[in-house]
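Subject: Two-chain model for your files

Hello,

Here is the structure I said I would pass on. My notes on it follow below the display.

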Amino acid sequence: MITTIGEIVRGDATVFPPYLYAAYRSTVRRAPRLPLVEVPLTASELTRSRLDVSRVTDEDADLTRNAGTGGEALGQRIIVTGRVMDEHGLPVPGALLEVWQANAAGRYVHKRDDWPGPLDPNFLGIGRCLTAAAGEYRFLTVRPGAYPWGNHENAWRPAHIHFSVLAPSWSQRLVTQMYFPDDPLLALDPILNAVPEGARSRLVAMYAHDVTEPHWALGWRWDIVLAGPRATAFEAREQSAA
Amino acid sequence: MSVLPVTPSQTVGPFFHDCLLREDRCEGPASDDGGAQIRVEGRVIDGDGAAVPDAVIEVWHAAGFARIGTDAEGRFSFSTTRPKRVEFERGTMQAPHLSIAVFARGLMNHLFTRIYFDDDPSTESDPILRLVPEVRRTTLIATRDPGESLTPLYRFDVVLQGVSETVFFDFRSPAS
């Protein structure tokens, strides 16, 4: 994709996209143009803040049934699972994962999504869960559809699921998107292509037959590796004592 | 050195509201440590000076975490406990501040910044603020509103791009 690429990147420039990637038009007036100021991590970024996650329930991770209608969402039922780890391979337990996605027809339940794709009354397209002891997460959902957007002529976003990861350390905060490997729209998508080429495939889930459940749902595996150091040892001790 | 391939970021896009701004995530940071309350109001503005109506501000400090969406005029506001000083290196302290992350459609990675307070005498000598070029420091300092409100009110705008662009940070990991 030929485009103007800015020089300002936060984090490893071989991994993270530049703020300015002109083919994705919304970056042009929103990307910072002055250099980021490099500062050391301090206790402010490395300590665990109290997160009120007591209201996260098992039902929150089942997007096929969490609309509260009693009905089941339409579409190909899928299981999306994986582990959240730090860059040293250590699991990140207790992270809050929040996901949002279009329905099987490519339509979001959102007032600003007004293309004529059908809504599904049994699908809200939002879910959340906490990572378990080995950093594992698991969502049951339906495979999202592609949808059109106004970025350029005949622009379509490839099917994707948005992920927000709120880890115990502030410096590990991540918001990203997960894609599916067999999608011809991947090569045409400026948002995915803003990621340096060598790191793009990390956003693409792998089909996992061992996750697939017979007569029920197809399985996809996608691990998330967070940059940055974990919460301080002091906080970890406090956690385990709690 | 990392041993595993780090996962890249992507924009939050325009459709995050129902997920990220669920009612029970939008509260101000907990105030159960008995500290005094403050209020912060501001706007998120793009390189044309236009409002950013689809941004999310996250606030993180010792008393808790909060997430606030901007409205049609790019405005956000929150109340929280006044932050306390936090240790920097052994024997030195940072001035009171709030850690901030900014997400929006069009931001390929969130932006980290901080809110300091103009009426706090320790702000001037804060060790992180002193790493910021002097002419840009004011972009990180909230100004106390002179109005007589019960809860002290501060103004802080996030300017994503332009001459008065807010200072955004890239954190350097401690040597390992």
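Is A:Asn154 buried or exposed? The model is a predicted one, and in it A:Asn154 has 6 other C-beta atoms within 10 Å. A residue counts as exposed at 12 or fewer, so A:Asn154 is exposed. I looked at this residue for its backbone: A:Asn154 is not a glycine, yet its phi is positive, at about 55 degrees. A:Asn154 belongs to the loop that runs between strand 6 (147-149) and strand 7 (155-157) of chain A.

A:His215 is another case in chain A. A:His215 is not a glycine either, and its phi is positive at about 55 degrees. The loop in question lies between strand 10 (206-207) and strand 11 (218-221) of chain A. With 4 other C-beta atoms within 10 Å, A:His215 is exposed.

Chain A also holds an open sheet. Four strands make up this sheet, in the order 4-3-8-9, and their pairing is antiparallel. Its edges are strand 4 (126-130) and strand 9 (174-179) of chain A, each of which pairs on one side only. On average, neighbouring strands in the sheet are turned by 20 degrees against each other, direction ignored. Strand 8 (residues 160-166) of chain A pairs with strand 9 of chain A in the antiparallel sense, over 6 bridges. Within that pairing, A:Phe163 has A:Thr176 in strand 9 of chain A as its bridge partner.

Now to chain B. Chain B contains 1 helix and 12 strands, and the pattern along the sequence is α-β-β-β-β-β-β-β-β-β-β-β-β. Along the principal axes, the C-alpha atoms of chain B fill a box of roughly 45 × 40 × 35 Å. Of the 176 residues in chain B, 45% are buried. Among contacts in chain B between residues at least 6 apart in sequence, those that join residues at least 24 apart account for 63%.

Two strand pairings in chain B share strand 9. Strand 8 (residues 111-117) and strand 9 (residues 141-144) of chain B run in the parallel sense, paired over 2 bridges, and B:Tyr116 stands opposite B:Ile141 there. Strand 9 of chain B also pairs with strand 10 (residues 153-155) of chain B, in the antiparallel sense over 2 bridges. In that case B:Thr143 has B:Arg155 as its bridge partner.

Last, the interface. How many residues of chain B are in contact with chain A? The count is 59 residues of chain B, in contact with 64 residues of chain A. On the chain B side, at least two residues each come from helix 1 (17-20), strand 2 (55-61), strand 3 (64-69), strand 5 (86-87), strand 7 (98-104) and strand 12 (169-172). By class, this side of chain B has 33 nonpolar, 17 polar and 9 charged residues.

Strand pairing also crosses between the chains. Strand 1 (residues 37-40) of chain A pairs with strand 12 of chain B in the parallel sense, over 4 bridges. There, A:Val39 stands opposite B:Phe171 in strand 12 of chain B.

Regards

How values were computed: Residues numbered from 1 in each chain as written. Chains lettered and ligands numbered in written order. Predicted model: local features only at pLDDT ≥ 70, side-chain atom pairs only at ≥ 80, totals over all residues. Pairing = 2+ DSSP bridges. Buried ≥ 20, exposed ≤ 12 C-beta atoms within 10 Å, placed from the backbone. Contact = placed C-beta atoms within 7 Å. Nonpolar A, V, L, I, M, F, W, Y, C, P; charged D, E, K, R; others polar. Axes fitted to C-alpha atoms, helices over the stretch in contact; angles between N-to-C directions.
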